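The sequence and the structure are shown first.

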Amino acid sequence: MPVYVIVGASRGLGYQFLKTISEQDPSNIVIGTARTVEKAQEKVKNDGLKNVHIVHGDMDDHASLTAAAKKTAEISGGVVDYLIVNGAYFAIPALLNAADDYVGKEDLFLDELRQIMHTNVAGTLFAFNAFMPLVLKSSIKRVAAISSAAADKNYIFEGEDKISLHYATSKAALNTLVAKFAARYKDDGVLFVSISPGWVDTHAEDDIPKELLDKVTEPLYRFDKGLKGPLTPVQSVEKCLKVIDGLKKEQNGEFLSQHGNKVWLVTK
Ligand SMILES: NC(=O)c1ccc[n+]([C@@H]2O[C@H](COP(=O)([O-])OP(=O)(O)OC[C@H]3O[C@@H](n4cnc5c(N)ncnc54)[C@H](OP(=O)(O)O)[C@@H]3O)[C@@H](O)[C@H]2O)c1
């Protein structure tokens, strides 16, 4: 009965990780961190997921993640086999700006940069460091961060994606952070990966307005002319879990797609 921890599991892909892993095998122990514990617990209860535990954790607050790791150890007997850091900030107030749109808006650039690097990069480092003592006790030792193809240079060029500067930059930094952790823990047998989950329809329940989302997804159709639409969260999570399970030593620290390679979208 492997132990899975999903950091940032309240909704979207994070919650789907909890649900899929829970349903795959009732003997799995699944722990999700959330900023609002009660809301996530209610979803877990409504879905009848008996092997899922929700603990408080905010990626902006390293002490909360240390506390989450302590609670996790009490639930799991001190071991974490799979750690998946999923939560992210999207810098919505700056999402549609290209680089030169920040001339005269330097404060907006800096404010959003501070927040997004705090949550997506520092938050991942806080989570990795908090849970690493538990991962090191596992015989499986798999660690993943959910990244984005938005950080890939070929995607940026072929999709002519000039917007989402903060988001793409934070995910590029995240990929480097993952490689650094892979180098640090190589001799301990921990395998790290950053995974782009593909384009996934998770925004129905959150606060990105449709017109904004349409603009952000335009480059996807330029990049992949045959693209038929987003994956469902179920499809994406199943693919990501396969990548994590099938990870080879030679891939340690790599940035991979949901297909386990550099094919970022569905049909390309
Ligand atoms: N959907 C896509 O097409 C797509 C594509 C590429 C990459 N991704 C990546 O996939 C991951 C999940 O995205 P999603 O589409 O599922 O987004 P989502 O539905 O908006 O969910 C975002 C999640 O991040 C959590 N979060 C935000 N700030 C946090 C913080 N400070 N501490 C802890 N958790 C925090 C949110 O928790 P709260 O409920 O507390 O806000 C929520 O659970 C992200 O890393 C995203 O960059 C998604």
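## The sheet and its surroundings

Seven strands form an open sheet with parallel pairing, in the order E3-E2-E1-E4-E5-E6-E7. Its edge strands, E3 (52–56) and E7, each pair on one side only. On average, neighbouring strands of this sheet are turned by 20° against each other, direction ignored. Strands (E, at least two residues) and helices (H or I, at least four) are DSSP runs, numbered from the N terminus. Two strands are said to pair if DSSP finds at least two bridges between them.

The model is a predicted one: local features need pLDDT of at least 70, side-chain atom pairs count only at pLDDT 80 or more, and totals for chains, interfaces and linings use all residues. Residues are numbered from 1 along each chain as its sequence is written, and side-chain values use heavy atoms, with hydrogens and water left out.

**Strand E6.** Buried means under 20% relative accessible area, exposed means over 50%, and partly exposed lies in between (1.4 Å probe, protein chains only). Both faces of E6 are covered, with Leu191, Val193 and Ile195 on one side and Phe192 and Ser194 on the other. E6 runs parallel to strand E5 (residues 142–146), and 5 bridges join the two. In this pairing Arg142 stands opposite Leu191 of E6, and Ile146 stands opposite Ile195 of E6. E6 also runs parallel to strand E7 (residues 254–256), to which 3 bridges join it. Here Ser194 stands opposite Phe255 in E7.

**Strand E2.** Strand E2 (residues 29–34) is largely enclosed by the rest of the structure, because 6 of its 6 residues are buried. Ile29, Ile31 and Thr33 lie on one covered face, and Val30, Gly32 and Ala34 on the other. Strand E1 (residues 3–7) and E2 run parallel and are joined by 5 bridges. The bridge partner of Val5 in E2 is Ile31.

Helix H4 has 30 residues (106–135), which at 1.5 Å a residue should span 44 Å; its end C-alpha atoms are 41 Å apart, so the two values agree. The expected span is 1.5 Å times one less than the number of residues. H4 has a kink of about 35°, centred on His118. The bend at a residue is the angle between axes fitted to the seven residues ending there and the seven starting there.

Two packed helices are described by the angle between their axes and the distance between the axes. The axes of H4 and helix H3 (residues 62–76) come within 9 Å and cross at roughly 25°. H3 and H4 are therefore roughly parallel to each other, and H3 passes H4 in a right-handed crossing. For H4 and H6, the axes come within 10 Å and cross at roughly 25°. H4 and H6 are therefore also roughly parallel to each other, and H4 passes H6 in a right-handed crossing.

Axes are lines fitted to C-alpha atoms, for helices over the stretch in contact, and angles run from 0 to 180 degrees between N-to-C directions. Angles under 35 degrees count as roughly parallel, over 145 as roughly antiparallel, 65 to 115 as roughly perpendicular and the rest as oblique. A crossing is right-handed if the near helix is turned clockwise from the far one by less than a right angle, and left-handed if anticlockwise.

## Loop residues

| Residue | Relative accessibility | Class |
|---|---|---|
| His203 | 16% | buried |
| Ser139 | 74% | exposed |
| Lys141 | 15% | buried |
| Ser164 | 7% | buried |

Ser139 is found in the loop between H4 and E5, and Lys141 is also in the loop between H4 and E5. Ser139 and Tyr167 are 28 residues apart in sequence and 34 Å apart in space, C-alpha to C-alpha. His203 lies in the loop between E6 and helix H7 (210–223). His203 and Leu13 are 190 residues apart in sequence, and their C-alpha atoms are 9.9 Å apart in space.

Most residues other than glycine have a negative phi. Lys141, which is not a glycine, has a positive phi of about 55°. Ser164, also a residue other than glycine, has a positive phi near 50°. Ser164 is found in the loop between helix H5 (153–158) and helix H6 (165–184).
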